[in-house]
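Notebook open, viewer loaded. I'm jotting down what I looked up, in the order I looked it up.

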Amino acid sequence: MKKKFKLQDLDCANCAAKMEDGIKKIPGVHDASVSFMMQKMTIEADEDQFDEIMKQVVACCAKVEPDCKILL
Amino acid sequence: MTEKHKKMLLRILVTFALFMGLLAGEKSGRIIWLEEFPAGFLAYFVPYCLIGYDIIWKAARNIRHGQVFDENFLMMIATFGAFGVGEYSEALAVMLFYQVGELFQSYAVSRSRQSITEMMNICPEYANIEEDGQLVQVDPDDVEPGMVIVIKAGERIPLDGRVIEGESMIDTAALTGESVPRRASAGDEIISGCVNGSGTLKVKVTKAFEDSTVAKILELVENAGSKKARVENFITRFARYYTPVVTIGAAFLAVIPPLLFGGGWGEWIQRACIFLVISCPCALVISVPLGFFGGIGAASRIGVLVKGSNFLEAVAEMTTIVFDKTGTLTKGEFKVTQVLSGNMGEEEVLRLAALGEGYSNHPISNSIRAAYGKPVDVSLVTDVEEIPGHGVCAQIEGSRILVGNGKLMESQGISYDEYQSGGTVVYVARDKSFAGTIVISDTVKEGAQEAIRRMKQVGVRKCVMLTGDRQEAAQAVASELGLDEVHAELLPADKVNRVEELLERQQKNQRLAFVGDGINDAPVLTRADIGIAMGSMGSDAAIEAADVVLMDDDVRKIASVVQISRKTLRIVKQNIVFALGVKALVLLLGAFGMANMWEAVFADVGVSVIAILNAMRALKVE
């Protein structure tokens with residue numbers, strides 16, 4: 001399943017790249033992209049554990065860039 | 001400027017005033033204690049906190065999260081280092097300058113974001129529906145196919161549909177880049193995203209919002225960023241190693257030389273701090289994708305959708321372009337120009353052909369039915385068998401009728417009078433004997449010749465045409481347009497093989513594009529390095545399969561996209577060379593003690609700002 005999220009206060013391009021890297025490493029995530037320009041995140045992951053994965057995604061983003069909020 | 005930017009600007013101005021005051025005091029010698037430890041340190045540390053508190057706060061928080069190679073952390077270490085070796089004014093100045101750069105950078109990014117979103121501002125906000133005689137605005141998402149919407153003058157068309165009432169001129173500029181308005185009246189199909197000009201239209205919706213043209217375009221453009229070009233992937237990988245390597249270099253620089261040669265710890269720590277300031281790869285990480293984004297934006301402005309940075313990169317390396325003839329180089333509007341009779345009247349030849357092709361939607365069949373002019377009673381036709389690349393076989397009024405090309409006649413062992421000059425030819429046979437010939441001509445598209453000429457100008461070496469038509473017809477079109485290679489009389493499956501052959505003949509850094517209108521083309525579009533589809537004539541499947549979509553089917557725009565892509569790549573390469581060059585130079589100078597903190601901060605944020613400004617040039621259309 002593929003889902004898109006808006007990101008708020010994503011201020012640093014390098015952080016976006018780090019987030020993307022981190023999210024891709026979460027088990028169950030097939031693909032992820034964080035667009036610094038569009039302030040958007042696309043995640044493709046197993047549907048049955050999507051909610052579980054999203055929790056890890058939020059934690060991962062908070063670790064890299066605490067100011068950035070994911071608008072769920 | 002946002003609130004955030006204004007607040008930052010205020011902090012910068014206040015700190016700058018304080019800094020100037022302190023500096024004047026120190027340099028004029030009036031306040032002698034400014035270079036001494038607790039007093040001088042405190043005098044500089046207070047404005048330092050004012051300008052840099054957020055950096056220190058973020059740095060502290062990120063260390064807790066294990067993000068050691070974080071920009072904020074590195075800035076903090078670098079400036080603390082300067083404080084530690086007694087360079088109070090420099091520590092403050094570096095932080096101040098860094099924040100100025102960051103503000104510039106953030107402002108430039110938000111400006112470019114703005115201009116990109118403005119450009120893609122084709123998304124309709126509402127649709128008008130009539131309820132109890134009154135117009136109500138609803139979300140386009142809630143409108144279902146079959147409902148009737150009202151579009152007033154000046155409004156954006158929210159959903160694809162067919163006009164049932166009213167007449168107006170429609171401005172398609174947002175989708176095609178063409179500012180010539182198109183007329184729309186009852187019965188015409190209109191597409192979402194365009195602007196309704198002068199009159200009110202009542203439109204019956206044919207597609208739900210998520211399937212409408214505008215939703216598809218937005219999705220394509222938004223997803224374009226996720227298909228990364230090779231240069232982008234290189235930069236991402238590079239960035240991953242760059243920061244740790246430079247930081248470790250800084251650590252060595254601070255410790256090893258003083259241990260080996262003794263003395264001056266302060267001097268070496270200062271040099272190490274210069275390394276830390278330069279260690280963020282932000283200039284590259286922002287400006288490279290921004291450049292591609294701008295290039296894709298510029299292309300969409302002229303009505304060409306590029307589905308990813310990787311395709312933009314490929315277009316720049318395109319050396320061979322393969323056209324499917326019908327619908328791309330020619331209009332695909334066929335007309336019967338001649339009917340030659342064999343053993344029966346011309347009218348009868350046409351009637352049999354029209355019946356035989358009665359079920360087909362192929363443009364050639366349509367033209368035969370149009371030439372026949374009377375309604376076709378398909379109930380007379382049974383056992384229709386379509387033979388791809390040959391024609392049709394059917395049972396009509398008790399006879400076996402064949403309608404197709406020369407190959408069909410040969411395969412059925414029928415002798416026929418071969419028609420020699422140009423055009424598409426359809427032979428008709430009844431019960432194994434030749435009945436007559438229908439000659440159909442297709443007209444070359446306006447601009448096709450110019451398109452080929454411009455393609456050659458921008459450096460495309462080989463223009464090839466593939467067609468299912470006869471050799472003579474194909475040759476006539478090819479020499480009119482100035483094509484280099486023609487492959488005629490191909491079956492749909494042959495097209496894939498021909499493209500594969502051409503792909504094999506290519507060298508490593510060359511790319512092949514295939515342009516098609518989408519009828520039977522999807523496999524070839526996928527196989528080519530770059531699949532280019534016609535947007536308004538093409539099928540949804542072709543648009544899905546293609547990498548580049550020409551919204552208004554104008555082949556001339558391919559050359560423009562090549563130019564845009566080359567410019568984009570040039571800008572991206574300039575940025576990479578410039579950013580890496582400046583960073584490498586300052587690192588080198590810093591290691592030998594010939595660069596100071598100021599230059600280091602310039603190499604970090606200054607370079608970022610310049611690279612962003614340069615990347616924004618990609619968005620401009622000449």
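First, the contact rule I'm using: two residues are in contact if their C-beta atoms, placed from the backbone, lie within 7 Å. This is a predicted model, where local features need pLDDT of at least 70, side-chain atom pairs count only at pLDDT 80 or more, and totals for chains, interfaces and linings use all residues. Residues are numbered from 1 along each chain as its sequence is written, and chains are lettered from A and ligands numbered from 1 in the order in which they are written.

**Entry 1**

Elements here are DSSP runs numbered from the N terminus: helices are H or I with at least four residues, strands are E with at least two. The predictor scores the complex at an ipTM of 0.79 and a pTM of 0.76.

**Entry 1: chain A overall**

I counted two helices and four strands in chain A, and from the N terminus on they run β-α-β-β-α-β. The radius of gyration of chain A is 11 Å, close to the 11 Å that the globule rule gives for 72 residues, so chain A is as compact as a globular protein of that length. That radius is taken over C-alpha atoms, and the rule is 2.2 Å times the number of residues to the power 0.38. Along the principal axes, the C-alpha atoms of chain A fill a box of roughly 30 × 20 × 20 Å. Of the 72 residues of chain A, 42% count as buried. My cut-offs: a residue is buried if 20 or more other C-beta atoms lie within 10 Å of its own, exposed if 12 or fewer, and partly exposed in between, with C-beta atoms placed from the backbone. I also checked contact range: among chain A contacts between residues at least 6 apart in sequence, 63% join residues at least 24 apart.

**Entry 2: the hairpin in chain A**

Strand 2 of chain A is mostly covered, with five of its seven residues buried. It pairs with strand 3 of chain A in the antiparallel sense over six bridges; pairing takes at least two DSSP bridges between the strands. I found A:Met41 in strand 3 as the bridge partner of A:Val34. Four residues sit between the two strands of this hairpin, and A:Gln39 takes a positive phi near 55°.

**Entry 3: confidence in chain B**

Chain B has a mean pLDDT of 84, and 95% of its residues reach 70 or more. pLDDT is the predictor's confidence in each residue, from 0 to 100. Within chain B, confidence is lowest in helix 5 (residues 173-176), at a mean of 72, and highest in helix 19 (residues 556-591), at 93.

**Entry 4: B:Glu313**

B:Glu313 lies in helix 10 (residues 309-316) of chain B. Leaving out residues up to four places away in sequence, B:Glu313 touches B:Ala229, B:Arg230, B:Val231 and B:Leu569.

I traced an open sheet of three strands in chain B, order 6-5-8, with antiparallel pairing. Its edge strands are strand 6 (182-185) and strand 8 (195-196), each pairing on one side only. B:Ile170 stands opposite B:Asn196 in strand 8 of chain B.Then the phi values: B:Asp383 is not a glycine, yet has a positive phi of about 50°. B:Asp383 is in strand 13 (residues 381-387) of chain B, and with 9 C-beta neighbours inside 10 Å it counts as exposed. B:Lys432, also not a glycine, has a positive phi of about 70°. B:Lys432 is in the loop between strand 16 (424-430) and strand 17 (433-444) of chain B.
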